[in-house]
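Hi there,

Here is the structure I promised to pass on. Please have a look at it first, and then read on for my notes.

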Amino acid sequence: MEIRRDTFWNISSDMQIWFYILAGVACLVFLYGFYRRFKLWNKGRREKVQWKNIKDNLKHFLKLAIRQTKLQKDKPVGLMHKMIAYGFAALFIGTVLVFIDEDFNLPILQGTFYLVYEFVLDIFGLVFLVGLIAFLIIRGGKFRKRMLQGKMDYLFLILFILIGIGGYVTEGIRLAESNLDYAQWSPVGYGLSRLFVKSKLFNIDTYWFWWLSHALLAFILIAIIPFTKLLHILTAPLNILISPVKRTGDFDAMVFLKGDHRDRIAVSNMYDFTNMQLMSTDACTECGRCDNVCPARLSGKDLAPRNIVMKIRDNMYENKAISSFISAEELKQCTNCAACVEACPVSINHIDLILAMRRGALPEELLNPHAEETLVNLDFDQNIWGSAWSEREAWAEGMNVQVLKNLKNTSKEA
């Protein structure tokens, strides 16, 4: 018996035509949605992607995007996210291989390779489903208070679960009706095929319905990605890879170089942000890890780093004044500790965003004009007055304050 994949098993030519039409529509909607967001990012100040940043970020990309090390700090959720991410990636690669095999007429899904392909995808599909169900339980049981409880969050998980189950159902029916000698290479599908023998609901006559419903759900998923927070599937790895290497919210992190002159970004309106800053807000997964470590948030103040990012992302459609959707109180309450930056699993730099908006608020007298001067002095000179290091003892003159000295070498301070 020839070992190969029969992609359109028991599917009529008319239904195949509709399949390609719907697939084309879904892809066009996806491309339109992504281009729509891309145009919004580019309304910001232009910041070019630097090859040096990409090269410096490769190791960081492997840690955050591939190994997902920051997610591992919350072990149960980290494990669930890994199962979903790795399972989704494997199923996506498998779908691409089917596309190449069927539509480019390159017979790669045959023989031993096809058997291994079926086994690997069956296992990763199961991992994907287990991760989704576990995540649904964690979210539904509200075991992580930092997570938002929006209806769409549940609908996304349910949609993924239905797509995963639909794939196994169609595979189970196909194996039950085909009696293939190598069916055991698809362990989950083979198990279902044993249950579907002589079934009135899952048989060759209903196969077209299960196959079409599985395809429709997959097309719906493709179409909605750019219009929802699922866009982070693309933008999160991109942000990790191309964002300048500035992990701790340095005050001088975001500058434009004009010869030897350096201009700090001052953001008063939405499109004063750079294109890369705007793109980074679309990488937000709304996980709440930044809020969970923010001292201002934990002390009951108005500031919430996640809200800052989400407000920028959701108000990107016009060049609004920042003060129309982010209050001066929120900006003032940030301590610039950068705990949010370190906690963020997708490398969003909340501090850069907040400091840029603070600078923009100064001319409008929404902030104390001395506040940023103090913060900049702390960053550059490690004191609030901006005094040189050589003068750091001057404040104590005439107060008889003892200065510790190195006993072995009194010319060096301790």
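Below are my notes on what turned up.

Please keep in mind that this is a predicted model.

**The chain as a whole**

The chain contains 16 helices and two strands. It has 414 residues, and 45% of them count as buried. If you take the contacts in the chain with a separation of 6 or more, 72% of them come from residues 24 or more positions apart.

**Helix 1 and helix 7**

I would start with this pair. The axes of helix 1 and helix 7 come within 8 Å, crossing at roughly 15 degrees. Helix 1 and helix 7 are therefore roughly parallel to each other, since angles under 35 degrees count as roughly parallel. The crossing of helix 1 past helix 7 is right-handed. On the helix 1 side, the residues that meet helix 7 are Met15, Phe19, Leu22, Ala23, Ala26, Cys27, Val29 and Phe30. Helix 7 brings Trp208, Trp211, Ala215, Leu216, Phe219, Ile222 and Ala223 to the contact. By class, the contact of helix 1 with helix 7 has 15 nonpolar residues, no polar and no charged ones.

**Aromatic rings**

How many aromatic pairs does a search of the whole structure find? The count is 20 aromatic pairs. One of them joins Trp9 and Tyr207 in an edge-to-face arrangement, at 4.8 Å centre to centre and with 80 degrees between the planes. Trp9 sits in the segment before helix 1 (13-41), while Tyr207 belongs to helix 7 (residues 207-224), so this pair ties together parts that are 198 residues apart in sequence. Both Trp9 and Tyr207 are buried. There is also an aromatic cluster made of Phe8, Phe19, Tyr20, Trp211 and Phe219. Of its members, Phe19, Trp211 and Phe219 also take part in the contact between helix 1 and helix 7.

- The crossing of helix 4 and helix 5 is left-handed. Here the contact has 15 nonpolar, three polar and six charged residues.

Helix 4 also holds Gly131. Is Gly131 buried or exposed? It counts as buried, because its relative accessibility is 0%. Leaving aside neighbours within four places in sequence, Gly131 is in contact with Met80, Met83 and Ile84. The C-alpha atoms of Gly131 and Ile84 are separated by 5.3 Å, although these residues are 47 residues apart along the chain.

In helix 8 (residues 232-242), the buried residues are His232, Thr235, Ala236, Asn239, Ile240 and Ile242. What do the buried residues of helix 8 pack against? Their partners are helix 1, helix 2 (51-66) and helix 9 (275-281).

Asp291 is a residue of helix 10 (residues 289-293). Asp291 counts as buried because its relative accessibility is 7%, and the cut-off for buried is under 20%. Apart from neighbours within four places in sequence, Asp291 is in contact with Arg297, Leu298, Ala304, Pro305 and Arg306.

**Two residues with positive phi**

Asn105 is not a glycine, yet its phi is positive, near 55 degrees. Asn105 lies in the loop between helix 3 and helix 4, and at 65% relative accessibility Asn105 counts as exposed.

Ser347 is not a glycine either, and its phi is positive at about 65 degrees. Its place is the loop between helix 14 (339-343) and helix 15 (350-361). Ser347 is buried, with a relative accessible area of 14%.

How values were computed
Residues numbered from 1 in each chain as written. Predicted model: local features only at pLDDT ≥ 70, side-chain atom pairs only at ≥ 80, totals over all residues. Heavy atoms only, no water. Phe/Tyr/Trp six-rings, centres within 6.5 Å; stacked < 30°, edge-to-face > 60°. Helix = DSSP H or I, 4+ residues; strand = E, 2+ residues; numbered from the N terminus. Buried < 20%, exposed > 50% of the residue type's maximum accessible area, 1.4 Å probe, protein only. Left-handed = near helix turned anticlockwise from the far one by under 90°. Nonpolar A, V, L, I, M, F, W, Y, C, P; charged D, E, K, R; others polar. Contact = heavy atoms within 4.5 Å. Axes fitted to C-alpha atoms, helices over the stretch in contact; angles between N-to-C directions. Parallel < 35°, antiparallel > 145°, perpendicular 65-115°, else oblique.
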